[in-house]
Amino acid sequence: MKKVVCPGSFDPITFGHLDIIKRASSLFDEVVVAVLVNKTKKSLFTVDDRMEMIREVTAEYKNVTVASWSGLLVDYCEENKIQAIVKGLRAVTDFDYELQMSQMNLQLKGVETLFMSTAPAHSFLSSSLVKEIAAYDGDISGYVPAQLVERVKSALSNN
Ligand code: PNS
(Lines give C-alpha, C1' and ligand atoms only; values in the text may rest on other atoms or scores of the structure.)
Protein backbone atom coordinates (compact mmCIF):
# COMPACT_ATOMS: atom_id res chain seq x y z
CA MET A 1 0.00 0.00 0.00
CA LYS A 2 1.81 3.11 -1.19
CA LYS A 3 0.57 6.10 0.72
CA VAL A 4 2.01 9.55 -0.01
CA VAL A 5 1.39 13.06 1.22
CA CYS A 6 0.97 16.21 -0.87
CA PRO A 7 1.69 18.98 1.65
CA GLY A 8 1.24 22.71 1.27
CA SER A 9 -0.37 25.89 2.47
CA PHE A 10 -3.16 25.72 -0.14
CA ASP A 11 -4.25 29.29 0.57
CA PRO A 12 -6.23 28.69 -1.65
CA ILE A 13 -5.81 25.49 -3.69
CA THR A 14 -5.16 26.27 -7.37
CA PHE A 15 -5.36 24.34 -10.63
CA GLY A 16 -1.58 23.80 -10.26
CA HIS A 17 -2.03 21.99 -6.93
CA LEU A 18 -5.01 20.08 -8.26
CA ASP A 19 -3.07 18.82 -11.25
CA ILE A 20 -0.33 17.40 -8.99
CA ILE A 21 -2.93 15.81 -6.65
CA LYS A 22 -4.78 14.25 -9.58
CA ARG A 23 -1.59 12.86 -11.12
CA ALA A 24 -0.37 11.55 -7.74
CA SER A 25 -3.75 9.87 -7.18
CA SER A 26 -3.27 7.91 -10.40
CA LEU A 27 0.20 6.73 -9.33
CA PHE A 28 -0.26 5.84 -5.66
CA ASP A 29 -2.81 3.84 -3.63
CA GLU A 30 -3.58 6.66 -1.24
CA VAL A 31 -2.85 10.39 -1.33
CA VAL A 32 -3.23 12.58 1.74
CA VAL A 33 -3.45 16.28 0.96
CA ALA A 34 -2.12 17.88 4.13
CA VAL A 35 -2.68 21.54 4.94
CA LEU A 36 0.43 22.55 6.86
CA VAL A 37 0.47 25.56 9.09
CA ASN A 38 3.35 27.65 7.75
CA LYS A 39 4.25 29.96 10.63
CA THR A 40 6.20 32.31 8.35
CA LYS A 41 3.21 33.00 6.08
CA LYS A 42 0.12 35.06 6.83
CA SER A 43 -2.85 33.22 5.40
CA LEU A 44 -6.15 34.46 3.99
CA PHE A 45 -8.17 31.34 4.84
CA THR A 46 -8.36 29.36 8.08
CA VAL A 47 -7.02 25.81 8.00
CA ASP A 48 -10.61 24.49 8.21
CA ASP A 49 -11.68 26.61 5.23
CA ARG A 50 -8.70 25.42 3.21
CA MET A 51 -9.50 21.79 4.05
CA GLU A 52 -13.14 22.27 3.09
CA MET A 53 -12.20 23.79 -0.28
CA ILE A 54 -9.73 20.97 -0.98
CA ARG A 55 -12.35 18.34 -0.08
CA GLU A 56 -14.82 19.98 -2.44
CA VAL A 57 -12.51 20.05 -5.43
CA THR A 58 -10.92 16.62 -4.90
CA ALA A 59 -14.20 14.77 -4.17
CA GLU A 60 -14.01 12.88 -7.46
CA TYR A 61 -10.65 11.27 -6.55
CA LYS A 62 -11.64 8.41 -4.28
CA ASN A 63 -8.14 7.67 -2.96
CA VAL A 64 -7.54 11.28 -1.87
CA THR A 65 -8.12 12.38 1.72
CA VAL A 66 -7.53 15.74 3.38
CA ALA A 67 -5.80 16.44 6.69
CA SER A 68 -4.09 19.23 8.58
CA TRP A 69 -0.97 19.39 10.71
CA SER A 70 0.70 22.12 12.68
CA GLY A 71 4.05 20.47 13.38
CA LEU A 72 6.91 19.18 11.30
CA LEU A 73 5.88 17.40 8.12
CA VAL A 74 8.22 14.49 8.89
CA ASP A 75 6.41 13.93 12.20
CA TYR A 76 3.10 13.76 10.34
CA CYS A 77 4.65 11.20 7.99
CA GLU A 78 6.01 9.13 10.85
CA GLU A 79 2.74 9.18 12.77
CA ASN A 80 0.74 8.19 9.68
CA LYS A 81 3.22 5.68 8.23
CA ILE A 82 3.80 7.73 5.09
CA GLN A 83 7.08 7.03 3.32
CA ALA A 84 7.11 9.78 0.72
CA ILE A 85 6.19 13.39 0.11
CA VAL A 86 5.02 14.40 -3.37
CA LYS A 87 5.61 17.98 -4.46
CA GLY A 88 5.23 19.91 -7.69
CA LEU A 89 8.17 21.81 -9.12
CA ARG A 90 7.16 24.79 -11.23
CA ALA A 91 10.51 26.22 -12.25
CA VAL A 92 14.16 26.43 -11.26
CA THR A 93 13.19 29.21 -8.85
CA ASP A 94 11.41 26.57 -6.72
CA PHE A 95 14.31 24.18 -6.88
CA ASP A 96 16.80 25.50 -4.29
CA TYR A 97 14.29 25.71 -1.46
CA GLU A 98 12.51 22.49 -2.37
CA LEU A 99 15.80 20.60 -2.60
CA GLN A 100 16.87 21.98 0.77
CA MET A 101 13.60 20.94 2.42
CA SER A 102 13.69 17.49 0.82
CA GLN A 103 17.24 16.91 2.07
CA MET A 104 16.31 18.11 5.55
CA ASN A 105 13.25 15.81 5.63
CA LEU A 106 15.44 12.90 4.52
CA GLN A 107 18.03 13.73 7.16
CA LEU A 108 15.48 14.24 9.94
CA LYS A 109 13.45 11.05 9.57
CA GLY A 110 14.40 9.31 6.33
CA VAL A 111 11.28 10.58 4.53
CA GLU A 112 11.71 10.64 0.75
CA THR A 113 10.48 13.46 -1.51
CA LEU A 114 9.31 12.81 -5.06
CA PHE A 115 9.11 15.84 -7.34
CA MET A 116 6.63 16.00 -10.18
CA SER A 117 7.07 18.66 -12.83
CA THR A 118 4.16 21.03 -12.92
CA ALA A 119 2.20 20.97 -16.18
CA PRO A 120 3.50 23.86 -18.33
CA ALA A 121 0.02 25.42 -18.34
CA HIS A 122 0.33 25.99 -14.57
CA SER A 123 4.03 26.74 -14.20
CA PHE A 124 3.48 30.44 -13.49
CA LEU A 125 0.64 29.87 -11.05
CA SER A 126 0.76 30.47 -7.29
CA SER A 127 -1.82 31.04 -4.56
CA SER A 128 -0.19 34.41 -3.83
CA LEU A 129 -0.64 35.61 -7.42
CA VAL A 130 -4.24 34.38 -7.47
CA LYS A 131 -4.95 36.46 -4.35
CA GLU A 132 -3.21 39.49 -5.80
CA ILE A 133 -5.16 39.30 -9.05
CA ALA A 134 -8.46 38.83 -7.21
CA ALA A 135 -7.64 41.73 -4.87
CA TYR A 136 -7.48 44.01 -7.91
CA ASP A 137 -10.71 42.57 -9.34
CA GLY A 138 -8.90 40.53 -11.97
CA ASP A 139 -10.36 37.35 -13.42
CA ILE A 140 -9.12 34.27 -11.50
CA SER A 141 -11.45 31.75 -13.14
CA GLY A 142 -8.57 30.23 -15.12
CA TYR A 143 -6.54 29.59 -11.97
CA VAL A 144 -8.86 28.13 -9.32
CA PRO A 145 -11.85 25.77 -9.66
CA ALA A 146 -15.10 27.58 -10.49
CA GLN A 147 -16.71 26.90 -7.10
CA LEU A 148 -13.87 28.77 -5.35
CA VAL A 149 -13.86 31.98 -7.38
CA GLU A 150 -16.50 33.84 -5.36
CA ARG A 151 -15.16 32.42 -2.12
CA VAL A 152 -11.70 33.88 -2.77
CA LYS A 153 -13.13 37.25 -3.79
CA SER A 154 -15.37 37.47 -0.74
CA ALA A 155 -12.58 36.41 1.65
CA LEU A 156 -10.44 39.21 0.24
CA SER A 157 -13.18 41.81 0.52
CA ASN A 158 -13.81 40.83 4.17
CA ASN A 159 -10.10 40.84 4.95
O1 PNS B 1 2.59 25.57 -0.09
P2 PNS B 1 3.90 25.90 0.58
O3 PNS B 1 3.72 27.04 1.58
O4 PNS B 1 5.02 26.13 -0.39
O5 PNS B 1 4.28 24.59 1.42
C6 PNS B 1 5.43 24.56 2.23
C7 PNS B 1 5.25 23.50 3.33
C8 PNS B 1 3.99 23.83 4.15
C9 PNS B 1 5.09 22.14 2.70
C10 PNS B 1 6.51 23.53 4.24
O11 PNS B 1 6.69 24.82 4.74
C12 PNS B 1 6.41 22.54 5.39
O13 PNS B 1 6.64 21.36 5.20
N14 PNS B 1 6.01 23.04 6.57
C15 PNS B 1 5.81 22.21 7.75
C16 PNS B 1 6.88 22.48 8.83
C17 PNS B 1 8.16 21.73 8.49
O18 PNS B 1 8.18 20.51 8.43
N19 PNS B 1 9.25 22.50 8.28
C20 PNS B 1 10.55 21.98 7.97
C21 PNS B 1 10.72 21.77 6.47
S22 PNS B 1 12.27 21.02 6.12
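## Cores, ligand and ring pairs

Let's start inside: the largest nonpolar core has 33 residues, and Ile-13 and Val-86 are the ones that touch the most other members. Keep in mind that this is a predicted model. The elements giving two or more residues to this core are the strands β1 (3–8), β2 (30–36), β3 (64–69) and β4 (84–89), along with the helices α1 (15–27), α2 (47–58), α5 (127–135) and α6 (146–157). Setting aside neighbours within four places in sequence, Ile-13 is in contact with Leu-18, Ile-21, Ile-54, Val-57, Val-144, Pro-145 and Leu-148. Another core, of 13 residues, lies apart from that one, and its members include Leu-36, Trp-69, Val-74 and Cys-77.

Now for the ligand. It has 13 residues around it, and Ser-9, Leu-36, Lys-41, Leu-72 and Leu-73 come nearest. Ser-9 has a polar side-chain atom 2.5 Å from a ligand oxygen, while a backbone N or O atom of Leu-73 sits 2.9 Å from an oxygen atom of the ligand. On its own the ligand has 550 Å² of accessible area, and the protein covers 80% of that.

Finally, the aromatic rings: there are two pairs.

| Pair | Centre to centre | Angle between planes | Type |
|---|---|---|---|
| Trp-69 and Tyr-76 | 5.3 Å | 65° | edge-to-face |
| Phe-124 and Tyr-143 | 6.2 Å | 90° | edge-to-face |

Phe-124 lies in the loop between β5 (112–117) and α5, and Tyr-143 in the loop between α5 and α6, so their pair ties together parts 19 residues apart in sequence. Is Tyr-76 buried or exposed? Tyr-76 is buried, because its relative accessible area is 7%, under the 20% cut-off. Tyr-143, at 25%, is partly exposed.

Notes: Residues numbered from 1 in each chain as written. Predicted model: local features only at pLDDT ≥ 70, side-chain atom pairs only at ≥ 80, totals over all residues. Heavy atoms only, no water. Core = buried A, V, L, I, M, F, W, Y, C linked by side-chain atoms within 4.5 Å. Buried < 20%, exposed > 50% of the residue type's maximum accessible area, 1.4 Å probe, protein only. Helix = DSSP H or I, 4+ residues; strand = E, 2+ residues; numbered from the N terminus. Contact = heavy atoms within 4.5 Å. Near = heavy atom within 4 Å. Polar contact = N/O pair within 3.5 Å; in protein donor to acceptor, adjacent residues only side chain to side chain. Areas by Shrake-Rupley, 256 points an atom, 1.4 Å probe, with all protein chains shown as cover. Phe/Tyr/Trp six-rings, centres within 6.5 Å; stacked < 30°, edge-to-face > 60°.
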